[in-house]
Every structure is written in C-alpha cells, then in structure tokens.
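Subject: Structure for your files

Hello,

Here is the structure I said I would send, with notes on what turned up in it. Please read the notes with the model open beside you.

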Amino acid sequence: MSINATLPPSPSLVTGWMTASDGARMPYRMKGDGPALIMVPGWSQSGAMFQHQLDHLSDRWTVIVPDIRGHGEAPEPDGGLRMARLARDLHELMAHLSLGSANLLGWSMGASVLWAFIDLFGTDAIDRLILVDQPSMLLALPGMDEEEIADAGAIFPVDQLYQLYAALRGPDGDATRAGFVAGMVTKSISPVLYDWILDENAKTSPKLVAELLLSHCTNDWRGVLARIDRPTLVIGGSVSHVPPRSQRFIHSRIAGSTYHEFDAEHGGAHFPFLEAPDAFNDVVAAFLSAK
C-alpha cells in the first residue's frame, strides 16, 4: 500500500524504556519479527520521523527506533550530550534488548553516532550499515583547502558554528532552529508535514540542541570510514543541504559500499524517508535483502 507522503505519520506508542548507565532515560519503539534494524535519528529530531519505516519495514525486520536522550519523548538528561555518550547509549540499548548484532541505520547526526559506535566498539555487532545524508566532517578548519572541504562536506566555518550555537541559546532559539530546518526539505513539501517536523523538533530544548551541536560538529570521522568492513549503503540527496559530493566521498572510502542518491522528485533533500517513504523503504529493503 502506497504511503501518503503529504501527511505526517501517526507515531506508535512507546514500546519500552531503557535507563543508561549514567541514569538517562530513553524510550524506544519496536515492531516486527525478523533480523533487527535499529534506526538512529538525527540532531534535534525525534524517533517519530521513522514511523513509516516502523510500519512498513517491520514485515521483514524487527524495526527498533529509539529517541536520543533529550529528544522526542525522552526527558532532558543531566549531561551526556556527546557523540561518544550517544554511541554508548546505542551499545547499551542493544544489550538491553539482548541483541548480539543488528543492522544499523543512522540519519544525519545518527550517522555520526554510528561512526562513534564503530570507533569505540568496532564492527562485530553490526550486520549491515546504512548511512543517510551526513558529512564525515562538518567543521571547515583553517588550513583545509577547497577540495578537502568539499569532500568532507564541511559546511560550517568555525565562526559560523559558534554564531549558530549562540543563536540557538538566545531568546530566538526556536526561530533559529526553524530557519535551519527550512533548508533541509524540498520546496514541494506539504505545509502540514513541514509543520509536523517543526513540532517534533520543538520537543527538544534549544539549550540542549545547542550543546549537542558542538560535539556533533567538532568530530572528524574521515579516519573511521576505511575501518568499516560491513556491507554499507550510503544515501544522499541531489538537493540536500548536505552536498551530495560529500556522500560520494564517504562511499569511495568504504570498501565495497553501495551508493544511492535520491533526486528532487523522490525526496532528495534531508528527509527522504518522510517526503518519499515508498522509494526510501524500497531502497533500504533491497539493500538489507541482498545476498
């Protein structure tokens, strides 16, 4: 059955909760029967973003969608707003669910969480890996030449990153975030779907997303890419604010990886799983089912 991509999904009820080793509480939604597929959402985004996948990929996989600490339905934590801590949260979620291994999908900052996971724990617990629309380095440091910046997808000069941090923490933090999200969707997105995305973003406090942004943007994951030895799918978008060249660079650095780029007609910005869920689900299912 085709999904109506002009309407927001209807999020499932939370299935369970995990308490991390530092006391943070995080909910997750789980549906289906089969090999596990954990989908990690991005910066300022809730797990509800993956409801179409929870509904329609769960016929073949056990789809598990957590809310990152302080996002969605998760209460604001006392700390842990670092990529390494988020990676440990994922590791602890897998232990909580008694998963020896799983397919892992990370979208936007969720991909950075997966790179941190690999950096800390290796790849033994990963069956297949899906990386959706995330540069391998976001910060353009002094001394990087134009080619290096373009390959990395480093979209933030240092001064711009700290200006955004200050704006997010300021009195107009919600408006700043809304303006940022506006550049992440296609021009044809339905107003009701766009408003729903903003509402989900607003569940996370501006202060929290500002603090998390610094860790998110100041890690360089390029050195991790060559260590990935699991079947990997890299997904980019032709009209995304994340330059497609940066996604092709990631693909070139991961031996044996597969690359798919959505065009503007098929949700080829930062939310293909919402703007073109049928096409996104078909690409993911084909990759996970491949021999």
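Val185 sits in the loop between helix 6 (173-182) and helix 7. The model is a predicted one, and everything below should be read with that in mind. Val185 counts as buried because its relative accessibility is 13%, which is under the 20% cut-off. Leaving aside neighbours within four places in sequence, Val185 is in contact with Tyr194, Ile197, Ala269, Phe271 and Glu275. Leu7 is 178 residues away from Val185 along the chain, and the two C-alpha atoms are separated by 14 Å.

Helix 7 itself covers residues 191-201, and Asn201 is found in it. Is Asn201 buried or exposed? At 2% relative accessibility, Asn201 is buried. Neighbours within four places aside, the contacts of Asn201 are Ser44, Gln45, Met49, Arg177 and Val181. Glu200 is buried at 6% relative accessibility, whereas Lys203 is partly exposed at 39%.

That leads to the charged pairs. Side chains of opposite charge can pair when their charged atoms come close. How many salt bridges does the structure hold? There are 19 salt bridges in the structure. These are the ones I would look up in the viewer:

- Glu148 and Arg222 form a salt bridge through their side chains, 3.0 Å from N to O. Glu148 lies in helix 4 (residues 146-152) and Arg222 in helix 9 (residues 222-225), so this pair ties together parts that are 74 residues apart in sequence. Glu148 is partly exposed, with a relative accessible area of 29%, while Arg222 is buried at 19%.
- Arg169 forms a salt bridge with Glu211, and their closest N and O atoms are 2.6 Å apart. This pair links distant parts of the chain, with Arg169 in helix 5 and Glu211 in helix 8 (residues 206-217), 42 residues apart. Arg169 is partly exposed at 40% relative accessible area, and Glu211 is also partly exposed, at 25%.
- Asp22, Arg69, Arg85, Asp89 and Glu92 are linked in a network of salt bridges.

Which residues touch the most other members of the largest nonpolar core? They are Leu104 and Trp115, in a core of 55 residues. Helix 3 (residues 109-121) gives the most to this core, with 8 residues. Leaving aside neighbours within four places in sequence, Leu104 is in contact with Ile38, Leu90, Leu114, Phe117, Ile126, Arg128, Leu129 and Ile130. Another core lies apart from this one and has 34 residues, among them Met39, Trp107, Ile235 and Phe262.

Tyr162 is found in helix 5, which covers residues 158-169. With a relative accessibility of 44%, Tyr162 counts as partly exposed.

Asn4 is in the segment before strand 1 (16-19) and is partly exposed, with a relative accessible area of 43%. The side chains of Asn4 and Thr6 are joined by a polar contact of 2.6 Å. Where does Asn4 lie in relation to Ala276? The two are 272 residues apart in sequence, but their C-alpha atoms are 8.9 Å apart in space.

Thr258 is found in strand 10 (residues 258-262). Thr258 is partly exposed, with a relative accessible area of 39%. Apart from neighbours within four places in sequence, Thr258 is in contact with Thr232, Leu233, Val234 and His251. Between Thr258 and His71 there are 187 residues of separation in sequence and 30 Å in space, C-alpha to C-alpha.

Regards

Terms used: Residues numbered from 1 in each chain as written. Predicted model: local features only at pLDDT ≥ 70, side-chain atom pairs only at ≥ 80, totals over all residues. Heavy atoms only, no water. Helix = DSSP H or I, 4+ residues; strand = E, 2+ residues; numbered from the N terminus. Buried < 20%, exposed > 50% of the residue type's maximum accessible area, 1.4 Å probe, protein only. Polar contact = N/O pair within 3.5 Å; in protein donor to acceptor, adjacent residues only side chain to side chain. Contact = heavy atoms within 4.5 Å. Salt bridge = Lys/Arg side-chain N within 4 Å of Asp/Glu carboxyl O. Core = buried A, V, L, I, M, F, W, Y, C linked by side-chain atoms within 4.5 Å.
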